[in-house]
Amino acid sequence: MAMTMTWGSMFRVSLLLLLLAAIITACFTLPIEKILKDFLLWIDQNLGRWGPLVLAIAYIPLTVLAVPASVLTLGGGYLFGLPMGFIADSIGATLGATAAFFLGRTIGRSYVLSKLGNYPKFQAVSIAIQMSGFKIAFLLRLAPLLPFNMLNYLLSVTPISISDYIWASWLGMMPTTLVLVYAGTTLKDISDVTNGWSKISVSRWVILILSLVISGEQRLHS
């Protein structure tokens, strides 16, 4: 049994390390700003009525990989205006948040749990979610005290049901989504949409990798 747990822990840690390595490699070697700009141009010039659907689906990999989703939200406003941009972005943000939730609840669960000690206030939130999951998740989305991508993973290890999570996330993110979509409609050039993706902190990724390795080693030797 101990050997099974050890190999299971090794597999999860290795998988997460590979995922994080892929993220870092992509962020610092690929021309992400150009890729995002070209992607939005491709949607605009080639997809026609399918554009909003493809934009919504694109939220899934970006959210899982912790790339700022505001790029797509602004892009939805710039490309499709209101209300179509809002509909596409609202659905897309919920799809991305749900995908990250599933990842955190499965292969990333042990790591997310190990990091909860860094957020004592969220431990109290986790207890409150046991009594009123939808309400608490909705309020956290409505007044985002934690970054969007971080909240997806933290909520994944709470007792909240998937249905409550989806509904609370969808409804709670609507005001912020509406504001960003409207801001996108005021932009004059698509290059303005992609500004800000590089705000992903290099130091944050380095700290994340180191903490993951340390956590993994502690689990393997326990």
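User: Which residue follows helix 4, and what is its phi?

Analyst: That is glycine 81, with a positive phi near 65°. Helices here are DSSP runs of H or I, at least four residues long, and are numbered from the N terminus. Please keep in mind that this is a predicted model, where local features need pLDDT of at least 70, side-chain atom pairs count only at pLDDT 80 or more, and totals for chains, interfaces and linings use all residues. Residues are numbered from 1 along each chain as its sequence is written, and side-chain values use heavy atoms, with hydrogens and water left out.

User: Why is helix 4 called roughly antiparallel to helix 5?

Analyst: Helix 4 (residues 70–80) and helix 5 pack at about 155°, with axes 8 Å apart. The angle runs from 0 to 180 degrees between N-to-C directions, and the axes are lines fitted to C-alpha atoms over the stretch in contact. Angles over 145 degrees count as roughly antiparallel (under 35 parallel, 65 to 115 perpendicular, the rest oblique), so helix 4 is roughly antiparallel to helix 5.

User: How do you know that helix 3 and helix 4 are roughly antiparallel?

Analyst: The axes of helix 3 (residues 51–64) and helix 4 cross at roughly 170° and come within 11 Å. Helix 3 and helix 4 therefore get that label too. In this contact (heavy atoms within 4.5 Å), residues including Leu55 and Tyr59 of helix 3 meet residues including Leu72 and Phe80 of helix 4.

User: Why is the pair of phenylalanine 101 and tyrosine 165 called stacked?

Analyst: Rings of Phe, Tyr and Trp (its six-membered ring) pair if their centres lie within 6.5 Å; planes under 30 degrees apart are stacked, over 60 edge-to-face, the rest tilted. Here the centres are 4.1 Å apart and the planes at 25°, so the pair is stacked. Phenylalanine 101 sits in helix 5 and tyrosine 165 in helix 9 (residues 162–185), 64 residues apart. Phenylalanine 101 is buried at 0% relative accessible area, and tyrosine 165 is buried at 0%.

User: What makes threonine 106 partly exposed?

Analyst: Threonine 106 has 47% relative accessibility, so it counts as partly exposed. Threonine 106 lies in the loop between helix 5 (84–105) and helix 6 (109–115).

How values were computed: Helix = DSSP H or I, 4+ residues; strand = E, 2+ residues; numbered from the N terminus. Buried < 20%, exposed > 50% of the residue type's maximum accessible area, 1.4 Å probe, protein only.
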